[in-house]
Amino acid sequence: MSSATPAPGPVGDTLRCFVSRLGSVISFVSVSDGVHVLRHPVLDVNSTLVLGEEHALLVDTLSCSSQAIALADAVRAVTHLPVIVVNTHVHFDHTFGNAALSCRLGLTDFFAHPTVIDELAYRAADVRADAYRLCLRVAPDIADEVRDTETLVPNRPVETQVDIPLGGRVARVRHLGPAHTPGDLVVVADDVVLAGDLVEEGAPPDTAGADLDGWVNALDTLLPDMSGPVVPGHGAVVDANFVRRQRDELFAMARGKSAVSLRGVRTFSVVGGSQL
Ligand SMILES: [Zn+2]
């Protein structure tokens, strides 16, 4: 598991600190103008807030209700704008906070790929059971809560691309084909790319069940327009050079030349059949 504390930003950038149920201090940190990342210590997963003049966009909702309640409070410490949610993919650490966030903040708009909507609508019990079994090995402190978490099915499908006006800026939500999962979404807001688990820092990308060729193609599509910060699904904010190296590692894996990344191995990423 990676460090519990994100890299400190400039003075004044820490917008909200609170103590998680595991006793670790976490905070939203500004990574660009109106873009703030909350890097959660459990599974080192990111939730990102993009601020417009009229709406805020929250990308990914953490792993369970208690995390999401803390996330909701952190959001409200930053902004009182109406919040729209995007789930980058179906994995529990990016979607299982939906219901608690909806309840806490009165949210009504949850964007996701149609495959995510179908999974949570028709296979929620299986998704929850898979998440529970995985948590027993990689995050046992939250396993029981994940097993009992109420899921909320997103209601705004994104087939290929949707532009979400936030007031003064637009968040472009794109599906670039099957990659880490069948239904990955990325969000582009000005020069910032929120990549979901198409990019992972601090550990090799989770390729269990992935479409490696599709993943490489997706990164090839994104890379020419990457000029600013890239927020990965897990770990620290990176840039295009990091993404290019990860693309090359995935390409090598797809060609059978390399099965293991040269970077460090996060505890949960070496678990067979990982679904993070
Ligand atoms: Zn994932």
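Analyst: Start with helix H3, whose buried residues are Asn98, Ala99, Ala100, Leu101, Ser102 and Leu105. Buried means 20 or more other C-beta atoms within 10 Å of the residue's own; exposed means 12 or fewer, partly exposed lies in between, and C-beta atoms are placed from the backbone. Helices (H or I, at least four residues) and strands (E, at least two) are DSSP runs, numbered from the N terminus.

The model is predicted: local features need pLDDT of at least 70, side-chain atom pairs count only at pLDDT 80 or more, and totals for chains, interfaces and linings use all residues. Residue numbers run from 1 along each chain as its sequence is written.

From Ala70 to Leu101 is 31 residues in sequence, but 9.2 Å in space, C-alpha to C-alpha.

The largest nonpolar core has 82 residues. Such a core is a set of buried Ala, Val, Leu, Ile, Met, Phe, Trp, Tyr and Cys residues joined through C-beta atoms within 7 Å. Val50, Leu57, Leu71, Val85, Val187 and Val230 have the most contacts inside it. Contact means C-beta atoms, placed from the backbone, within 7 Å. Setting aside neighbours within four places in sequence, Leu57 touches Val50, Ile84, Val86, Ile164, Leu166 and Ala171.

Val187 has Leu194 in S12 as its bridge partner, and Val230 in S13 is the partner of Val193. The sheet is open, has 5 strands in the order S9-S10-S11-S12-S13, and its pairing is mixed. Strands S9 (161-165) and S13 stand at the edges with a single partner strand each, so one side of each has no neighbour in the sheet. On average, neighbouring strands are turned by 25° against each other, direction ignored; axes are lines fitted to C-alpha atoms, for helices over the stretch in contact, and angles run from 0 to 180 degrees between N-to-C directions.

Pairing requires at least two DSSP bridges between strands. S10 (residues 170-174) pairs with S11 antiparallel over 4 bridges. There, Arg172 is bridged to Val188 in S11. S11 (residues 186-189) is in turn joined to S12 by 3 bridges, again antiparallel. The hairpin of S11 and S12 has 2 residues between the strands, and Asp190 takes a positive phi near 55°.

S12 (residues 192-200) is mostly covered, with 9 of its 9 residues buried. S12 and S13 (residues 230-234) pair in the parallel sense over 4 bridges. Between them the chain passes through helix H7 (residues 212-222), a right-handed β-α-β crossover. Right-handed means that, with the strands pointing away from the viewer, the path from the first strand over the helix to the second runs clockwise.

Finally, the whole chain. It holds 8 helices and 13 strands. Of its 276 residues, 49% count as buried. Among contacts with a separation of 6 or more, 66% join residues 24 or more positions apart.

Conventions: Two residues are in contact if their C-beta atoms, placed from the backbone, lie within 7 Å.
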